[in-house]
Every structure is written in structure tokens, then in C-alpha cells.
Amino acid sequence: TDITPTFPNEAPWGCYFLAATTGVVLGGGCGGSQNFFRTTDGGQSWSLFQSNQPGSGLTDALLYADGSGYAVSSGLLWQTTDGGSSWSVVASTGPNYWNEEITRRGSSLLIPWAGSNCSGQGNGGGGRFSTDGGQTWRSYSTGVPMFGAFLHDAQRGWICGYARQVWYTSDAGQNW
């Protein structure tokens, strides 16, 4: 069943659902506003929160049962404290390069990045690792776009991407 909310500009890119009825769908930002759509009735209706952070493509989110959550866009980390009804930028993750995904364990965050601009075009890529909730970041360049990430715990994680590359860190991104 198509439950897609009506996006005012660029199409949706990411989503996260806590349950069949409660979640967010998000996207936009490289050519317009960032759009966070939230549903509490399985997509029957949507509420929209918009922001305007120029050149920052919105890609992925995490929500938690206590109402907290995070989202990532090109170069920015977002946070919600009200279950995704509203969002604010809490930190820069580095240059406004495409951040495809976000993964979190405790106060550690891992984000893969791709390209050399908002939409991920170009050959650069790597991972960004934070152990303090996103206030500071270690960035590592793999030389090719990275799109997937997983954190096992606060220190060990993986990123993967083009050229069949998978990179691993066991020390919170100090070494890969």
C-alpha cells in the first residue's frame, strides 16, 4: 500500500519506524528544505516538520521509545526529543558531503560519507566516528564512497561501499 506523504521538493530518502503505526519518513535538503514526515497511524496521516539548512541532503534517522532520536544529513547531525515531531541541528559532522546512514551505541555514532558534495557525487568517501554524542568527530577517508554502517558497541564498527570495500575499526575510528 502506497502511504507516501506529499513531498514539497526532493523525494524521500530514509525512514525509521518504531512500530507499524509510528515512524518518520524524511528527505530533501540538497535543492530545498529538509522534510521530516511523522505518522502515528501507519501512514493514514502525516505531520511535517521542515528546516532550511542549505546544501544538506537529509538521509537517515533513528527513533527510540523514550521520544529521543537522531537524523543525519550532508554534514549535519539532527536530534529530536519529542518522538520526531520537531528536529534541531545539534552538531556538524564535517564537510557537507553525503552522509548515507547513521548508527549509534550509547554516546558513539558512526556515519559513512560519500562523494564531495551534498548529493554524494564524486569519488571521495569514508567514515566519521564520534564517541561524545556527535560533538567531535574522527574522519577517515577510504577514497571511495561509503554508504553502509553498523556499530557493534561503542568502539567496534564497520562501513562499506563502492569497489566492494568493507572497513573495520576496533578503537572508535582511531584506526581502520
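A residue is called buried under 20% relative accessible area, exposed over 50% and partly exposed in between, with a 1.4 Å probe and protein chains only. By that scale Trp167 is partly exposed, because its relative accessible area is 23%, and Tyr140 is partly exposed as well, with 26%. The model is a predicted one, in which local features need pLDDT of at least 70 and side-chain atom pairs count only at pLDDT 80 or more, whereas totals for chains, interfaces and linings use all residues. Residues are numbered from 1 along each chain as its sequence is written, and side-chain values use heavy atoms, with hydrogens and water left out.

A pair of aromatic rings is described by the distance of the centres and the angle of the planes. Rings of Phe, Tyr and Trp (for Trp, the six-membered ring) pair if their centres lie within 6.5 Å, and planes under 30 degrees apart count as stacked, over 60 as edge-to-face and the rest as tilted. Searching the whole structure on these terms gives 12 aromatic pairs. In one of them, the ring centres of Phe37 and Trp46 are 6.5 Å apart with the planes at 90°, and therefore the pair is edge-to-face. Phe37 counts as buried, since its relative accessibility is 5%, while Trp46, at 21%, counts as partly exposed. The rings of Tyr140 and Trp167 form a tilted pair, because their centres are 5.3 Å apart and their planes stand at 55°. Tyr140 belongs to strand β13 (residues 138–141) and Trp167 to strand β16 (residues 165–169), so this pair ties together parts that are 27 residues apart in sequence; strands here are DSSP runs of E with at least two residues, numbered from the N terminus. Elsewhere, ring pairs link Phe36, Phe49, Trp78 and Trp87 into a cluster.

Leaving aside residues up to four places away in sequence, Phe17 touches Thr22, Gly23, Val24, Val25, Thr39 and Trp46, where contact means heavy atoms within 4.5 Å. With 32% relative accessibility, Phe17 counts as partly exposed.

Val166 lies 149 residues from Phe17 along the chain, and the C-alpha atoms of the two are separated by 27 Å. Val166 is found in strand β16 and is exposed, because its relative accessible area is 58%.

Note on methods: Helices (H or I, at least four residues) and strands (E, at least two) are DSSP runs, numbered from the N terminus.
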